[in-house]
Amino acid sequence: MITAEIVSRNLMGRSLPFSWDYSAYAMGTAFMMASADALRRGAHVRVTAVLEAVPYRLSRVLEFGACLVGLAACAALAWALTEMAWLSFQRGSTSATVMRTPLAWPQGLTALDAIILTLQCAAQILRLARGERLAEGAAIE
């Protein structure tokens, strides 16, 4: 959309009124959407130096604790984003731009993605509880 905006502005002399808003909504949603899959594949940054330096049992406790903290943070994020989207829906809030986009739609998508990330955090905890190791992406090593 940004490329279309640049081409339209430079070649046709007019701006696309939706491009900046919708590309920002899409970027926020894409980042949040990719987070759950990145967590599942082990592509998030993890500091494994401590885990490798301590005994195995302690490393499991530390990993479990870190996952609990992550779950709490993701749950709080999901709650806040869901509440924000719901309030925007109730109030009929729209963007303060020419497009007047109902904010409940992009906010709702981001909230849904945060809920999926929270569920992935819970799945990580279940993996640890079953004695499995968490995925470590090749880029992390």
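Glu132 is partly exposed, with 31% relative accessible area (buried means under 20%, exposed over 50% and partly exposed in between, with a 1.4 Å probe and protein chains only). The model is predicted, so local features need pLDDT of at least 70 and side-chain atom pairs count only at pLDDT 80 or more, whereas totals for chains, interfaces and linings use all residues. Residues are numbered from 1 along each chain as its sequence is written, and side-chain values use heavy atoms, with hydrogens and water left out.

The side chain of Glu132 meets that of Arg130 in a salt bridge, with an N to O distance of 2.8 Å (a salt bridge is a side-chain nitrogen of Lys or Arg within 4 Å of a carboxyl oxygen of Asp or Glu). Arg130 is exposed, at 60% relative accessible area. Side chains of opposite charge can pair when their charged atoms come close. Across the whole structure, a search finds four salt bridges.

Another salt bridge joins the side chains of Arg9 and Glu5, at 3.1 Å from N to O. Both residues lie in helix 1, four residues apart, which is about one turn of the helix (helices are DSSP runs of H or I with at least four residues, numbered from the N terminus). The two partners fall into separate accessibility classes: Arg9 is partly exposed at 40% relative accessibility, while Glu5 is buried at 1%. Helix 1 spans residues 2-12 and also holds Ser8. Ser8 is buried, with a relative accessibility of 3%. When residues up to four places away in sequence are not counted, Ser8 touches Gly13, Arg14 and Leu16 (contact means heavy atoms within 4.5 Å).

In helix 2, Asp37 and Arg40 are three residues apart, about one turn of the helix. These side chains form a salt bridge in which the closest N and O atoms are 2.6 Å apart. Asp37 is partly exposed, with 33% relative accessible area, and Arg40 is likewise partly exposed, at 41%. A network of salt bridges links Asp37 and Arg40 with Arg41.

Aromatic contacts were also examined. Three aromatic pairs are found in a search of the whole structure (rings of Phe, Tyr and Trp, the last by its six-membered ring, pair if their centres lie within 6.5 Å; planes under 30 degrees apart count as stacked, over 60 as edge-to-face and the rest as tilted). The rings of Phe18 and Tyr22 have centres 6.2 Å apart and planes at 40°, so this pair is tilted. Phe18 is partly exposed at 30% relative accessibility, and Tyr22 is partly exposed at 28%. Ring pairs join Phe18 and Tyr22 with Tyr25 in a cluster.

The largest nonpolar core has 10 residues, namely Met32, Ala36, Leu39, Cys74, Ala78, Leu81, Ala111, Ala114, Leu117 and Cys121 (a nonpolar core is a set of buried Ala, Val, Leu, Ile, Met, Phe, Trp, Tyr and Cys residues joined through side-chain atoms within 4.5 Å). At least two residues of this core are supplied by each of helix 2 (19-41), helix 4 and helix 5. Helix 5 gives the largest share, four residues.

Helix 4 contributes the largest share of the patch, three residues. Val61 is found in helix 4 and is exposed, with a relative accessible area of 55%.

Backbone geometry gives one further feature. Most residues other than glycine have a negative phi. Arg100 has a positive phi of about 50°, although it is not a glycine. Arg100 lies in the loop between helix 4 (56-91) and helix 5 (104-129), and is partly exposed at 47% relative accessibility.
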